[in-house]
Each structure stands twice: as structure tokens, then as C-alpha cells.
Amino acid sequence: MEFLEEISEEESPKERHTSSTPSWKLTAKEILATKTQNYFAQTKRAENILIQVAFSIGLSSIWRFPYLCHLNGGGNFILMYFFMLLFFGVPLMYMEMIMGKCLRMDSIQVWKQLVPWLGGIGYASVLVCILVSLYNSIIITWSLSYLSNSFSYPLPWDERPLVRNINVTDLSCLQTVAHQYFWYHTTLNASNHMGEEVETLVLNLTLGIFTVWFLLFLIMMVGLKISVQMLIFSVFLPYVILLCFLIRGLFLEGATTSLRRMVTTEFSAWASLDLWRQAGGHVLYSLGLGMGTIILFSYKAGGDNYAQVASLVTLINLGTSLLTTSIIFIVLGFWTTTSGHACVKQSISKLTQLIDEGVLPQNAKPPKDILLLPTLDYIKWINSLPGRLRQQVVHLSPSCSIKVQKEMFMQGPGLALAAFSQVVSLFPGSSFWAILFFMALLITGLSNLMRLLEGIVFPLQNSISIFRDYPRILTAIVCLGGFLGSLIFTSRAGSYIMYLFDDLVVPLSLVITVVFQNVALAWIYGAGRFREEMFSEMGRPLWPFSSFLWCYVTLPGLLALLTICFMQLFQGTHLYYTAWNTSGNKEVKHLYPQNSLGWVIFLSVLTFLPIPVHPLHQWWSLQEYVAPDPFEKLMSKKTPMVSSMSSQRPKHHSMKSQERTSNTSTRGLSMSLLRSPKPEPECLSQDPVKYESSSWFSLPLLTSLSSSLTIRSASLRVSRQVSPTSVTADNSNKGSETQEESPKEKSVQ
């Protein structure tokens with residue numbers, strides 16, 4: 001197209017001098033139409049890039065990457081993630097983009113078209129989307145909870161809780177940061193371990209998750225379309241806020257030390273299987289690989305240079321993750337630096353100021369030698385105060401931790417929300433900044449969840465006829481089921497169950513699905529065959545190293561990652577979660593209970609189940625579909641060959657014409673499934689009849705399961721235009737028999 005545009009631009013001046021005015025006007029109109037078409041193509045391409053970027057910088061970069069990086073030692077995880085993003089993320093994302101763009105199908109139909117007997121991969125992707133959307137909804141609910149608390153001033157997480165009848169146990173809230181205390185006690189109301197109070201729902205989280213799913217239901221029912229300007233605003237607003245947070249955080253105590261710890265790498269830590277498992281799982285999760293969303297976005301998008309798009313999206317994903325992680329590590333350094341004696345000193349200074357201002361009485365003044373004593377003696381002195389005064393002193397204490405905190409402070413999934421709540425408190429007008437940030441986080445989470453729901457609803461509508469006729473029923477079922485399924489995360493142990501999903505269930509399901517995708521395209525369908533057909537379709541070659549990476553880099557790496565996941569799952573000794581100890585107000589680590597690991601295996605098998613079930617269903621349907629009639633074959637053998645040929649020829653030719661129309665409707669690639677296993681791409685558009693004559697219809701019907709299922713899928717495509725379906729199949733079989741028997745008849749004559 002670009003070459004043709006250059007030719008038209010070179011020839012247009014000559015035409016202006018040699019031709020008359022009407023021809024010049026016609027040329028101008030053509031040029032204007034070409035420019036308009038190019039503008040819409042560029043707009044569609046920019047929209048596709050923005051959608052991919054918005055999906056990749058969502059909860060995965062802002063919420064998930066920082067706490068995984070903190071959990072695995074900073075620089076070790078960053079370096080491991082970078083290499084996996086380069087060698088796994090970019091090639092696999094490019095693969096899904098090319099499939100969605102060139103085949104113009106959703107995540108279910110793509111695999112039915114390429115490898116019919118592995119068509120269950122698309123349904124597995126839908127199930128993975130369901131699992132991800134379930135626990136993503138609770139993360140959005142947490143953001144909504146923080147947003148609702150942002151309208152009060154001062155912000156509730158900056159102060160100690162105001163509790164009546166304070167005793168020694170309640171004074172333990174001074175031994176942790178106020179933002180961590182607010183997260184576990186106010187937002188989650190967390191239990192002590194995973195098996196405790198699972199049936200007890202937290203009211204504010206239950207109302208919040210109902211609000212989230214109701215908003216999603218309204219948006220899906222109305223069919224709200226986001227313009228390119230809104231996409232630009234939703235993408236760049238978080239960056240502006242995060243840059244402001246980073247600049248403010250650089251002036252905090254311990255910022256330099258924290259950033260140095262973030263980039264420090266110890267290669268001895270690479271022996272940890274947890275590091276490999278979590279880095280590889282996050283690459284798949286952050287880019288949306290195996291969920292079918294990339295295929296769906298590319299199916300609707302414009303442009304054709306997907307190698308650049310995949311590289312750009314992964315680069316932006318990495319940059320956003322590093323920006324967010326830098327802010328959170330700075331906050332962690334600030335918490336550790338201001339804990340212990342520094343916090344006691346800050347508390348005494350604040351109490352003295354409040355006494356001078358008349359807010360507190362003189363008897364609230366601490367002893368002069370309190371700074372020379374251990375930090376816990378300060379808590380004992382507060383406990384010796386009268387009840388009312390003690391309550392005021394605790395409530396007005398600063399948000400720092402009296403207990404000395406180490407570097408590995410706060411390792412749970414709520415790290416990002418607690419850290420960002422600390423950052424917004426440092427700005428003047430902190431309520432405004434809190435509303436702005438958590439509103440942006442809420443919009444980003446809702447847009448990501450919308451894309452996940454599109455990856456569920458759109459393929460199912462195309463595959464199931466009742467949902468195609470009544471699309472709103474499917475939307476209502478998905479949103480209602482999502483709300484009911486997400487209620488488990490609103491219990492007092494819900495954050496621990498969510499961590500189980502995020503740490504084990506979803507990564508394992510993603511790895512299994514992506515392994516089957518890679519095997520199906522690179523080895524069963526053939527990476528070289530796919531490259532040749534994409535070249536004939538697009539008119540330009542694919543990325544030169546794509547076939548090598550799909551066959552010899554991504555697949556062995558994914559199989560190794562899958563092996564690591566299974567090894568850790570069945571050993572179970574290194575799998576733990578971070579829980580909150582209410583009595584000591586500190587985080588503790590617990591091993592996962594055995595029944596929870598059983599649920600992990602069950603949900604992973606449930607996600608994998610459509611892959612073997614689909615070919616069995618196709619085989620069962622095929623047996624009923626192609627059952628031959630022996631009496632009809634016997635009668636056809638007794639009839640003369642000339643009459644059989646004359647009777648079969650019109651039907652056979654009509655079936656050929658119907659196959660041609662069905663093949664052209666799928667943009668030429670559906671012909672690849674009806675031809676011989678060894679393709680010739682240069683003949684894809686020149687001689688379609690040649691492929692029909694050498695198609696798999698001429699092979700014996702029960703040669704192999706794969707060929708049978710391919711025949712089934714091809715006959716199903718023909719049956720969309722011919723009714724009844726069985727007549728078409730019988731005609732194709734009779735036509736093939738006629739072609740096989742006619743040479744024998746000629747030789748006899």
C-alpha cells in the first residue's frame with residue numbers, strides 16, 4: 001500500500017499538466033480518500049496500542065509487580081523478569097497478535113480453525129479469564145474502599161484508631177505503621193489464618209464488590225465505547241501521578257538506600273525455584289498471554305507491524321513496573337528509617353508541641369530520660385497514663401512504628417495500597433491527592449476487568465447460538481456469576497484466598513494454556529507453515545526469528561516453568577502465605593493447608609479439562625455424523641459408473657463452489673485446513689480448485705483421529721451454507737469415491 005501511494009503521488013503532477021480539470025478533480029478525490037483511509041488505519045493502530053498498554057500497565061504493574069519484587073529481593077526479580085520478558089513475553093505476544101490479526105477470529109474460533117482437535121484451548125482461555133476476573137474484582141474493591149475513605153480529612157490511615165477502654169493489647173497498634181494497621185484492621189478486618197472465619201463476610205467489602213460488578217453489568221449492557229482521547233487520558237493520568245509521587249519520595253529519609261537495595265542483585269538467589277516460578281508467571285499475567293484478550297484486541301485492530309507493537313508494549317510494561325516499584329521501595333525505606341528510636345523521638349516532639357498548644361494537659365509530658373531507654377519502655381509509659389489521657393495520646397501519635405522494622409517489612413499483597421496511602425499523606429491537601437490517585441486506580445482496574453469480560457463474552461457469543469441470539473443473557477450470567485464467585489474474597493480470610501489464587505492457581509493455569517498454544521502452533525500446525533501462509537496473507541514476511549523462538553526457546557522454557565510449578569505444588573514445603581497476627585500486630589508466615597492445595601489442583605485441572613474434552617466431543621459427533629449406509633454403497637456399486645458419475649457431478653461441483661465461497665469468507669486461511677499437510681503458499685490465492693482436489697476429503701475417513709476431526713471442522717464450515725448438513729457430507733464422500741473408482745473403470749475398458 002505504501003508503494004502504491006508513492007506511485008500515485010509521483011504520477012499526480014504529470015496528470016495535472018496533461019489532463020483536463022474533471023480528471024484532476026477525480027484524482028484529488030482519490031488522494032483524499034486514500035489519506036482518509038490511512039488516517040483511520042493509523043487511528044485504529046494507535047487505539048490498539050493504547051488498549052494493549054492500558055491492559056499491561058494496569059493492576060499487574062501497579063499492584064502485583066512491586067510486592068513480588070519486594071518478596072524476591074528486588075534486583076534478582078527485576079533481572080529475571082527482564083530476561084523472561086525478552087525471550088518469552090515478546091515472541092508469545094507477537095504470536096497471539098499475528099493470529100488475531102490475520103485469521104480475524106476470536107480466541108475460540110482461532111484454535112478450531114488452526115488445529116481443530118485442539119479447539120478446546122480457546123475454552124481453556126475463557127476459563128482462565130474467569131479466574132483472573134474473579135480475584136481482580138476484589139483488588140478493585142480494595143481501591144474503592146480506599147477511595148471512599150479519601151473524602152475525610154485528616155485521612156483515616158494517618159491516625160491511630162480511637163478505641164474505648166484501651167488496654168495493653170490495644171497498645172500494640174503502636175508497634176506497627178498506621179498504614180499497615182489500617183490495611184489489616186479497617187479495610188480487611190483480617191483473621192489470623194486462612195481457615196479461620198471464611199464464612200464471615202466483611203460488610204464494606206461485600207458492598208464494594210457488589211458495586212463493582214453492578215457497574216460492569218451496566219457498562220456491558222449499555223455498550224459504552226471509549227474514545228481514543230479517553231484512552232489517552234486513562235493511560236497518561238497514572239503516569240503523571242506516579243511521577244509526582246516519585247519526585248516527592250526522593251526527598252524522604254532512606255530513599256537512596258532503598259533504591260540501591262532495589263537494584264542489588266545476588267546471583268545465589270537464582271537457585272530459588274520460587275523466583276523462577278513467580279517471574280515466569282508474572283510475565284504471562286502482566287501481558288495477558290493465554291487469556292485470549294490479545295487475540296481479541298488484534299482481531300479488532302488495524303496496522304500490521306506487530307513486532308514493533310509487542311516490543312513497545314513490553315517496554316512500557318517494564319518501565320511502568322520499575323517506576324511503581326521505585327516508589328514503593330522508597331516508602332519501605334522511609335518506614336524502616338523512621339521506626340524504633342526515630343519514631344519515639346518523633347512522638348515525643350509531637351506530644352510536646354500539642355502540650356504547648358494546649359491540646360493535651362501537662363501530665364501528658366513524657367519523662368526526660370525516655371529516649372535513653374529501650375523503645376518498648378515508651379509503650380509502658382503510655383500504659384501508665386490515665387484511661388482518657390492514654391486514649392488521646394495513642395490517637396494523636398504519629399503513624400510511624402515504635403518497634404524497629406527491618407527491610408523485609410510488609411510482604412503481603414496489600415503492600416502497594418498501604419505504600420501509596422503513605423505517599424499521598426505527604427502532600428499538602430492529601431485528601432485531594434488520595435481521591436485523584438485511587439480514582440485513577442479504580443478506572444484502570446475497571447478498564448482491565450472490562451477487557452477480561454470481553455474475552456469471556458465475545459467468544460462465547462460466537463460459539464454458542466443461544467448466546468448469539470440473546471447476548472444480554474450471557475452478560476447477566478457472567479456478571480452475576482462473577483459477583484457470587486467473588487464473595488469468598490470478601491470474607492475475613494478472603495485476602496489469603498486471593499493470594500492463593502494469585503500465587504498458585506492463575507499462574508499454573510496460564511502456563512498450561514500457553515504451553516498448549518505454543519505446541520499447537522509451532523509443532524502441530526507448523527511454525528514454518530504458519531510463516532508461509534502469513535506471508536501470502538499479509539504480503540510481507542513475519543519477524544525473522546519468530547519460528548526459531550516459538551520452537552526452540554519459548555516452548556522449552558514454558559515446559560521447564562511448568563515442571564517447576566508442579567514440583568513446588570506437590571512438595572508443598574516452600575509454599576506459604578503471609579497472614580496477620582492480631583494479638584501481636586505483626587505479619588507471620590503460614591504454610592498453605594492441604595485442602596487449599598487440593599483446590600489448586602482441582603481448579604487447574606478444571607481449566608485444562610476443555611482441551612481433552614473437545615476432541616472427544618468432536619470424535620463422538622463425527623461417529624454419528626459420518627455413519628455409512630452399507631445398502632446404499634452396495635446399490636451404488638451395482639449401478640453403472642457412467643450414471644453414477646453423471647448423477648454425482650452436479651452435486652460435487654456445487655459443493656466445490658460452496659467450499660470456495662466459504663474459503664473466501666475466511667480470508668483465504670481456511671483453505672489451509674482443506675489442503676495437503678505440505679502447503680505451497682504461493683498457490684494460496686491462484687488455484688483454489690487445486691487445493692480442493694487434493695484436500696483431506698480424499699483420504700480414508702478413519703485414518704487418524706486428527707484427520708477425522710479436520711474433516712469434521714471443514715464439513716462444518718461447508719454446512720453453514722448448505723442444508724441439510726448430512727447431504728453435503730454424503731456428497732463429498734460419494735464424490736471422492738467416484739474420483740477413486742473412475743481410473744479403474746477406464747483401465748478395464
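**Figure 1. Overview of the predicted model.** Of the 749 residues of the protein, 54% count as buried, where buried means under 20% relative accessible area, exposed over 50%, and partly exposed in between (1.4 Å probe, protein chains only). This is a predicted model in which local features need pLDDT of at least 70 and side-chain atom pairs count only at pLDDT 80 or more, while totals for chains, interfaces and linings use all residues. Residues are numbered from 1 along each chain as its sequence is written, and side-chain values use heavy atoms, with hydrogens and water left out. The protein has 29 helices and 2 strands; helices (H or I, at least four residues) and strands (E, at least two) are DSSP runs, numbered from the N terminus. Among contacts (heavy atoms within 4.5 Å) between residues at least 6 apart in sequence, 82% join residues at least 24 apart. The accessible surface comes to about 33,700 Å², with 64% belonging to carbon and sulfur atoms; areas come from the Shrake-Rupley method with a 1.4 Å probe, and for residues only the protein chains shown count as cover.

**Figure 2. The nonpolar cores.** A nonpolar core is a set of buried Ala, Val, Leu, Ile, Met, Phe, Trp, Tyr and Cys residues joined through side-chain atoms within 4.5 Å. The largest such core has 183 residues, of which Met 99, Trp 142, Phe 245 and Trp 335 touch the most other members. Helix α21 gives the most to this core, with 22 residues. A second, separate core of 22 residues includes Cys 173, Leu 351, Leu 354 and Leu 389. Leaving aside residues up to four places away in sequence, Met 99 touches Arg 104, Val 110, Trp 111, Leu 114, Ile 295, Leu 521 and Phe 530.

**Figure 3. Asn 518 in helix α21.** Helix α21 covers residues 494–538 and contains Asn 518. The relative accessibility of Asn 518 is 0%, so this residue counts as buried. Its contacts, not counting residues up to four places away in sequence, are Leu 92, Trp 523, Trp 550, Thr 554, Leu 555 and Leu 558.

**Figure 4. Helix α14 and its buried face.** The 16 residues of α14 (residues 341–356) reach 23 Å from first C-alpha to last, close to the 22 Å expected at 1.5 Å a residue; the expected span is 1.5 Å times one less than the number of residues. Buried here are Cys 343, Val 344, Ser 347, Ile 348, Leu 351, Leu 354 and Ile 355. Down the axis of α14 these buried residues fall within an arc of 135 degrees, so they line one face of the helix; the arc is that of the directions from the helix axis to the C-beta atoms. They pack against α15 (375–383) and α16 (387–395). Lys 345 and Asp 356, on the other side of α14, are exposed. Just after the helix, Gly 358 has a positive phi of about 85 degrees.

**Figure 5. The disulfide between Cys 343 and Cys 400.** The structure holds 1 disulfide, defined as a pair of cysteine sulfur atoms within 2.5 Å. The sulfur atoms of Cys 343 and Cys 400 lie 2.0 Å apart. The pair links distant parts of the chain, 57 residues apart: Cys 343 is in helix α14, and Cys 400 is in the loop between α16 and α17 (415–425). The S-S torsion is about 80 degrees, so the disulfide is right-handed. Both Cys 343 and Cys 400 are buried.

**Figure 6. Helix α18.** Helix α18 (residues 430–463) has 34 residues and spans 50 Å between its first and last C-alpha, close to the 50 Å expected at 1.5 Å a residue.
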